[in-house]
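User: Could you take a close look at the salt bridges in this model and walk me through a few of them? I'd like to know what each pair connects and how buried the partners are.

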Amino acid sequence: MGEREIAIVSFAEVIVERSDRDDCELLLPVLKRALGDVGLTQQDIGFTVSGSSDFLGGRPFAFVMATDVLGAWPPIRESHVEMDGAFALYEAWVRLQHGDLDTALVFAFGRPSQGPLHDVMSLQLDPYYMAPLRPDALSLGALAARAALDAGLTSEDELARIAGERRGVPTSTSEPYLREPLRAHATPTLRDGAAAIVLAAGDGARALSKRPAWIRGLDHRIEPHSLGARSLTRSVSTEQAARGAGALGFGADVAELHARFAHEEPLLSRALELPASTRVNPSGGALAQDPVMVTGLCRLGHAARAVHEGAARAIAHATSGPCLQQNLVCTLEAR
Amino acid sequence: MSDVMRAPYVLEYGYRRSTGPVIGQFLTALRDGRLVGGKTARGRVIVPPTEYDPETGDAVDELVPVGDAGVVTTWTWVAEPAPGQPLARPFAWALVKLDGADTAMLHAVDAGEPSRMKTGMRVRARFRAERSGTILDLEAFLPEQAS
């Protein structure tokens, strides 16, 4: 069966250091802009899906309250994933493959400022072996970073260089460790934020955008949850998703990688077999701005924006779970 | 922020979980001060065990004893432990591959200071005196020369 042609036609994001707005207030201008930029309203959307985590605010079913932003009328076909919005986009892409709907709105929101995010993340771990130990997300990142350093895949100098480039500030290995061997510069810059993407199929996409970012391939794969039962120095699920999405040898001008820690960039670049000609994370990525649960969708948005603005091909990557447990790869192209 | 009113807000779901035939045996062995792993059809020993082989998805139903000492495969240092973590004093998180195991498990290493930590070092499990059948029955690993 041939896949239906689907493109990202619009992207909007808002990222702030700390939002004093609630989720709906944060989302409203973002949804308005994503839809308005292509002349649509919610009534034109066939399928709506969001990604977020109720753990950030500590309120169950908070994502239902966020749908207030869509308005009570007309009734909508709606879904949600308790994951980064990038995985909501995957669901929208699958839904549009059914063929009966032509447009989808994907949005994500996250306000990690509501709590101690790195500690809260321990609640996503398995409830028997890892969660009772309460390891924070920075520590788990550091375990993977040391594994990468021990294997010779990167160096502390390289981590500082990557972090400096993404953050746009000077970095140095003379800075103290936050979690040895990670310094603060090699860890994500937590932000509050929201983002939205509009997908459209076939001629609908051509009508909405002068230069749609067509989805050539989209795939996501998962590895064992336990950090000790999988390789921390090779992202096998990224390799699998890259094959599924046609990313190997794709020759992308730009790759937007959801690397929350500096050591994940070389790991992911290797799994995607990125050539030196591919620009990695010109947006700065999660090292510069990490609106948790939104960051992956922003990678798709920035990769699409690169195509909208003239790039021939772009790759977007998003991740979920501890230490790159699950990975999504999307190839985008102009046609 | 002193003008912000604060009130306690307790959110709790009182789940009772069945740990099942594999995790249950592992936790029962821990309560008895022993460590066991799950042996897969291909002969690998998974510690801590899951009901399935993480590589193939095949069921794992044979549990075998493994050593209570092993090798640190990676580690990091926690200078300021958070409430609820295994130790209240500074410690290392590590992945430890126990003798006889093919996978590593996450736990704390009570090493005193980061200069005593090294990838490849040997550590030995220290069990709590009072055990209840949870992963915290294993209090921490200790550097082997010190135990």
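Analyst: Happy to. Let's begin with Arg183(A), which forms a salt bridge with Glu156(A), their closest N and O atoms being 2.8 Å apart; the term means a side-chain nitrogen of Lys or Arg within 4 Å of a carboxyl oxygen of Asp or Glu. Arg183(A) lies in strand β6 (residues 182-183) of chain A and Glu156(A) in helix α6 (residues 156-167) of chain A, so the pair ties together parts 27 residues apart in sequence. Helices (H or I, at least four residues) and strands (E, at least two) are DSSP runs, numbered from the N terminus. Arg183(A) is buried at 6% relative accessibility, while Glu156(A), at 26%, is partly exposed. Here buried means under 20% relative accessible area, exposed over 50%, and partly exposed in between (1.4 Å probe, protein chains only).

A word on the basis: this is a predicted model, where local features need pLDDT of at least 70 and side-chain atom pairs count only at pLDDT 80 or more, whereas totals for chains, interfaces and linings use all residues. Side-chain values use heavy atoms, without hydrogens and water, residues are numbered from 1 along each chain as its sequence is written, and chains are lettered from A and ligands numbered from 1 in the order in which they are written.

Next, Arg299(A) forms a salt bridge with Glu256(A), with 2.8 Å between the closest N and O atoms. Helix α11 (residues 295-308) of chain A holds Arg299(A) and strand β9 (residues 254-256) of chain A holds Glu256(A), so this pair ties together parts 43 residues apart in sequence. Both Arg299(A) and Glu256(A) are buried.

Over all chains, the count comes to 30 salt bridges.
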